[in-house]
Amino acid sequence: MNTFIEPSHSAIAKIKEVMEREGKTKTHLRIRVLAGGCAGFSFGMAFDPNKRKDDIIQEKNGVKFVMDKTSVTLAPKILLDYTEGLQGKGFMITNPEAKVACHCGTSFRPQGAPSGRLDAQKATN
């Protein structure tokens, strides 16, 4: 399987910092595609110690990333960055293969994905 995530150096550093601070050094960072947002889909991210049957795990620079097969199908390559600036700080997940992205940058519609909120909810259930 090809790489589904490309984290920046700043994202890796911040993830490791948070994992250490929260005592989650033996866990995965789960990234999911969720139904919602103005373009139909958005991303969710959380620490998760569990591995599920349909999970795909990739390790990058000492951090284990996990996505379920449905999420990888909807977003087969994602970019993860962490920035700090005048407008705030935080993680930014982008899907360079998205067909449509919203103006605020928090949701997307992948190539070949259904349009509309109800269809998006079916795709992620």
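How many bridges join strand 6 to strand 7, and which way do the two strands run? Seven is the number to remember: 7 bridges join strand 6, residues 78-85, to strand 7, and the two run antiparallel.

Quick housekeeping before I go on. This is a predicted model, so local features need pLDDT of at least 70, side-chain atom pairs count only at pLDDT 80 or more, and totals for chains, interfaces and linings use all residues. Residues are numbered from 1 along each chain as its sequence is written, and side-chain values use heavy atoms, with hydrogens and water left out. When I say helix (H or I, at least four residues) or strand (E, at least two), I mean DSSP runs numbered from the N terminus. Strands pair if DSSP finds at least two bridges between them.

Touching, or contact, means heavy atoms within 4.5 Å.

On to the charges. Side chains of opposite charge can pair when their charged atoms come close. A search of the whole structure finds 7 salt bridges, where a salt bridge is a side-chain nitrogen of Lys or Arg within 4 Å of a carboxyl oxygen of Asp or Glu. I'll also be saying buried (under 20% relative accessible area), exposed (over 50%) and partly exposed (in between), with a 1.4 Å probe and protein chains only.

One of them joins Glu6 and Lys60, with the closest N and O atoms 3.6 Å apart. That pair links distant parts of the chain, since Glu6 sits in strand 1 and Lys60 in strand 4 (residues 55-60), 54 residues apart. Glu6 is partly exposed at 32%, whereas Lys60 is buried at 18%.

Arg21 is exposed at 57%; Glu17 is partly exposed at 40%.

What about Asp55 and Arg30, buried or exposed? Asp55 is buried at 8%, and Arg30 is buried at 5%. Their side chains meet in a salt bridge of 2.7 Å, N to O. Asp55 lies in strand 4 and Arg30 in strand 2, so the pair ties together parts 25 residues apart in sequence. Salt bridges that share partners join Arg30, Asp48, Arg52 and Asp55 into one network.

Two last residues. His28, in strand 2 (residues 28-35), is buried at 11% relative accessibility. Leaving aside residues up to four places away in sequence, His28 touches Ala46, Phe47, Asp48, Pro49, Asn50, Ile57, Lys64 and Val66. Thr73, in helix 2 (residues 69-74), is exposed at 62%. Thr73 and Phe4 are 69 residues apart in sequence, with their C-alpha atoms 9.6 Å apart in space.
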